[in-house]
Amino acid sequence: MAHSVVALNDTKRVINFLRLFYNFGNNLLKQNSELALTFWELFVYTDMHLAGSAESKLSTKRITTASNLTLTTNDAKTALLIQLMYIKNRLSRISKLLTCNLLLKKEYDSCLKIVTQCLIHDNALLTQILQYTSKDILSVSIYLNVIELVENSNAPMKEGFISSIVLLLKENLRDTGLFLYFLSHVSTIVHFPISFKSTTLAFSEDSAVFEYQDLVISHLYILQTFSNSIDASEIVLKSYHLLSRWVLQTDTCFSDYEFTVLQTLYEALNYNEIYKYSKMIINIYLKKRRNSLDPDQKKLLQMYLIDAHIKGEFSAEMDIPQLEVIGLSSYNSLDLCLSILEVKIRRDDKLTNDVINAIYLELSQNPVFKIQKQTDKYKAIHLLLMYAKFCKLVGLSNKIDHLNAVVNINRAVAILQSLFKNFLLAGPDVPPLNTNFKSILKMKFSSEMLQCYNSLLRRYSTLGLGKEFDSYLRELDIFIKLQPSINLQYSYNLVLTEFSLFKNAFEDAKKKSIFSDCNLCVTIYALAVSENLARRTNDTENVKAISKKLDNFMFNYFNTSNVDHQHSEVIKAWITALKRRYEYPHDGDLDDYKYEFDPMVREIVDYHNYMKEFKVNTFYASSCYPMLNEIIIKTTFNPMTTKLKLCNKGLIENFKECSSNHSTEVTKYTLDMAFSSFLALLKNDNCSKVDEELTQIININDHFKSISLRWDKQFSKLTNKTKCFLPEISTLSDFGFTQMKKINLKSLMPKDWVAISIDYVLPTNSLMIIRFDPRFENPLFINICLDLVGTDNSFGNVAEKLRQIIIKSDNTTMTDVTSKVKTHDEKIEWWNSRKLLDQQLEDTLSIIDSEWFGGFNSIFQAIHVNEHDFRAIKGEVKTLLSEYLTKKNIKLDPCQLENVHDGIYRLFLKINKVNAQKVADLLYFIIMHIYPRFDLGKNELIDLGKHLVRKIDSIKQNNVLSNEDDVKHVVLVLGSRCVNIPWESIPSLRKKSVSRMPSLIQLQDYLIKYKNYIDSGIDACKGFYVINPGGDLKRTEKTLAPKFKHLDGWDGVVGEPPEEMQILNCFNEANLFIYAGHGGGEQYVRSKNIKSRDTIPPSLLLGCSSGTMKGDGYVQPYGTAYNYINGGCPMLLVNLWDVTDKDIDMFTISVLTKWGFFVDYDSFDMFDLTAENRTLPECVAASRDVCKLKYLNGAAPIVYGLPLKLQSM
């Protein structure tokens, strides 16, 4: 009857039958469920013909009521089947899976909830959906909706339940394409990992979803890259081609699923650094789908497009939408603003700060962006990523000072690490995320972290903060190895190679593979890095080949790429490569096109061209200024001198810019070039007055030494704000060149002191020495060329010999070695190896004195002599040289020798351990300045030297300088390549009072700040000691502890580790701090708490390697000694390398006794009142030889700061 009524289309009667079937079906549910289902089936059949009517709208409610009633009797199967028959009859005619899925979500939500309840109640019913619906499309749609409801519920054992569905479909779905579609969708729902390793991505032509194959496979390809160790870039490109083909088809339409696949592909392309295709897919999508997108989706795609441009070739014609920051209403709007900000930062736009301030205001005041109020985990993650991005971008801006830049990028890292900890790291409290989103998040997190690491390393390399640079370089290396993308690994291995070369880690640099890539930008960067690697490893042949290849690529880049030349990262990388080339005067050539993009390069080109006008051997001879007496120095016009002065001025300006905005590597290149141009200026015309140029050289050289320490101190004072998501946008003090103080030591330094700055300059292979003596008006500049000392005694070889001696010495003192030395023969062998190293160290230091300095070792002495002696030596030298040159048929103008500066003649009388060779050095120096083109061998002058030695001995015997005329103290200011050489123990300095300072400007500040210490000394009646804090130096404790424990006014710790606050309190209250343990006590007090201080009492850090400076190459030196000096310690005793406890304990007692700190045991006084009132550096020099190994242990202790004595009692 019902069929007949339906056939007649009698609506009124159909409604009656509908109600009748409902009543029968409902009443029979508790009596006969099987019969009840027959009536429910008729109910559904009848309802289908009333679709759209008011009666039909009640059907869903009736079905729901019936199923709920059945569930109360635990008859889940009947409840399930009622819902399935209803859904099946309503949707059976729909053939499009996406449409079916959409309708289920929209109109049958209550039905799906009951289906889910039934399945959770009885997992065995899972097969019923497949069996009953008989239509795979509908089954899959229902399963997907059930999975989503279960995943968003609190149902127990969710993962097992969902896995059962996946396995069921895998085994029973004959339509492989439909199963792949199911897997693709499931990845956007489930919160546990799904493996795609063995999934075959193939659709049969009769698949119900064959039309979706490109879209589905495109998505699954990307998901596969996270489950397989494969070349991700190749798979991602396949995904790109499939999705672009799908979008370009005329019969496809927009869907949220499609948009999700697009987002996933875009992030995968960006993560794998395939920016060209990420840009292309967004352009294709916007062209085809623009009208289907809502405003928020359009903003997201605009942001994608800008980011792809930024990370790609940075087109000059990039289309940037109008920026409206105030009143943002969505996350995608903020994301778009951040991308526009990045463009402005890259272009150094004058409105950058305005945009930063506007975004800052919006984030701090707009409640939409308050992270604390965000309850949706996906939105919270999006917001955290934007906060991290904003902090990173502000850190990249040139409008923010370097320290705040570092703070902001570190803050971005902290936010990203918090995001990783709270959402990506496995743990019971980590909220679950769907697989697809989690894959995208991993890519975003990794990309952002790598960008932050790169940015931090570049900032630290500019600031010269070596410790932080080394730390982040290690972190970057580890992080790169965790990435599955070969492209990404390759790209950032280039960064590792670049920075490994920066710190002279050549072996590490060679381990990173460098090969060409299809990405032009990466290829150019790779060539720049490869050229530097070849150059730094002396691969001359490869340097030329790579340089040529790089320049050819740049030609193509300029001709074929519509790039923003002014702001292109490729251009910047190439300019850096050019600056590396021109560190050496004879290296390479430039055409005009190469510097039109950067005015700074013009100075380098001019410098190079001027250098070519000098013959190579111009730099082989040493030089000095002043070389002639002042009355002779002229200011007459010399065309080349004028050119060189202009060149030198340009390079100094270049240096000033570099020191603010470039790495210490590029800055050092520029400094070395400025020095070389100054040297050429001296060589070109030794009559020219270049006082102003010398002052500039001294200033920029000292600025280079001091700037990183000033940054380091300021950096240590910055507090790390926890749970802060916004960047610092205020500007701190800028230590640019304009902030550099003038150096004026003459009026501050005691008359019997000298300060000597020593730097090794690689391009000229010379020692640049500047000597400040308060008894002379101007500093003395000496450039000692090392080209004639022979390969074995070159700077590099001698420095390496010293390094190897110390390494071998350290190895012999290791516990693993000493614990095995037990028998008499083993002890003899051990001592012999130590004595051999001791002798090698002494010999090497003698080479420095005799071969490097030679006759110039007199600079460490007082170079003023009485008038009688001066005239005597000058007369002897003039006579000898006149006769020698006459024999060589050289016509000599008598004025030439007469005009040589008086100070040069005085040097002959002050040579330490004078011999014929050292005298010949000075004779050779004079001749080469009078006749620079004279072909002369140094050994030709040995006989003259022997004659002159006898005359010098005769003059010295007749007139001995009084002690008042001698140099009482020498302050060494050493360049980065010189800090780990024990200069204090070369023969010319071994017996002298010597201390070090990091820079001349710091010495000047100390002379002002601690004048009272210099005049009055240290009040040692109140101090603090730490002895054997590790508990394993029993001999040291036994030797020293008894001497300290009964000192009135002293407190300390013996045999146990001190608390950090104890040491910090000691810094506030004590007048002297003595530490006798391992190292410099770094394990007990953090370096930032030392550097950030304004004052620290004079300190003796007697542990092994407490004075070792870390950092190599262009990484500025850093270590405990510099931390203490930076913290205001006026005097510091440290050890340059590891020492043995017995020797160093004897040395310590000797120093402290000579200093007057330890008393004669027959006396009742606290301190030795009878001791000579000596400074600590004097006592150090006098105590070196008490060590059994006078060099291996005796040369290790050095003093930083000022030479202080104890106060008279």
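Colleague: Where is Asn 538 found?

Modeller: Asn 538 is in the loop between α26 (520-536) and α27 (540-560). Helices here are DSSP runs of H or I with at least four residues, strands are runs of E with at least two, and both are numbered from the N terminus. This is a predicted model, where local features need pLDDT of at least 70, side-chain atom pairs count only at pLDDT 80 or more, and totals for chains, interfaces and linings use all residues. Residues are numbered from 1 along each chain as its sequence is written, and side-chain values use heavy atoms, with hydrogens and water left out.

Colleague: What is phi like at Asn 538?

Modeller: Positive, near 60°, in a residue other than glycine. Most residues other than glycine have a negative phi.

Colleague: Is Asn 538 buried or exposed?

Modeller: Exposed, because its relative accessible area is 66%. Buried means under 20% relative accessible area, exposed over 50%, and partly exposed in between, using a 1.4 Å probe and protein chains only.

Colleague: And Glu 273, what is its phi?

Modeller: Glu 273 has a positive phi of about 60°, and it is not a glycine. It lies in the loop between α15 (256-271) and α16 (275-289). Glu 273 counts as buried, because its relative accessibility is 11%.

Colleague: Which residues does the cis peptide bond join?

Modeller: Tyr 625 and Pro 626, with omega about 0°. Pro 626 lies in the loop between β1 (623-625) and α30 (639-661).

Colleague: Changing topic. How many salt bridges does the structure hold?

Modeller: It holds 39 salt bridges. Each is a side-chain nitrogen of Lys or Arg within 4 Å of a carboxyl oxygen of Asp or Glu.

Colleague: What does Lys 392 form a salt bridge with?

Modeller: With Glu 448, and the closest N and O atoms are 3.1 Å apart. Lys 392 lies in helix α20 (residues 377-396) and Glu 448 in helix α22 (residues 435-463), so the pair ties together parts 56 residues apart in sequence. Both Lys 392 and Glu 448 are buried.

Colleague: What about Lys 717 and Asp 1094, how do their side chains meet?

Modeller: In a salt bridge, 3.6 Å from N to O. This pair links distant parts of the chain, 377 residues apart: Lys 717 is in helix α32 (residues 691-717), and Asp 1094 is in the loop between α45 (1087-1091) and β10 (1099-1101). Lys 717 counts as partly exposed, because its relative accessibility is 40%.

Colleague: And how far apart are the closest N and O atoms of Lys 878 and Glu 898?

Modeller: They are 2.3 Å apart, in a salt bridge. Lys 878 sits in helix α36 (residues 867-887) and Glu 898 in helix α37 (residues 894-898), 20 residues apart. Lys 878 is partly exposed at 22% relative accessible area, and Glu 898 is partly exposed at 34%. Salt bridges that share partners join Lys 874, Lys 878, Glu 898 and Asp 902 into one network.

Colleague: Which members of the largest nonpolar core touch the most other members?

Modeller: Trp 40, Ile 142, Phe 182 and Ile 359, out of 198 residues. A nonpolar core is a set of buried Ala, Val, Leu, Ile, Met, Phe, Trp, Tyr and Cys residues joined through side-chain atoms within 4.5 Å. Apart from this one lies another core of 187 residues, among them Ile 700, Leu 923, Val 967 and Leu 1176.

Colleague: Last topic, helix α33. What do its buried residues pack against?

Modeller: Against β2 (753-761), β3 (766-772), α34 (815-818) and α35 (824-853). The buried residues of α33 include Phe 795, Val 798, Leu 802 and Ile 805.

Colleague: How many disulfides does the structure hold?

Modeller: It holds 0 disulfides, where a disulfide is a pair of cysteine sulfur atoms within 2.5 Å.

Terms used
Contact means heavy atoms within 4.5 Å.
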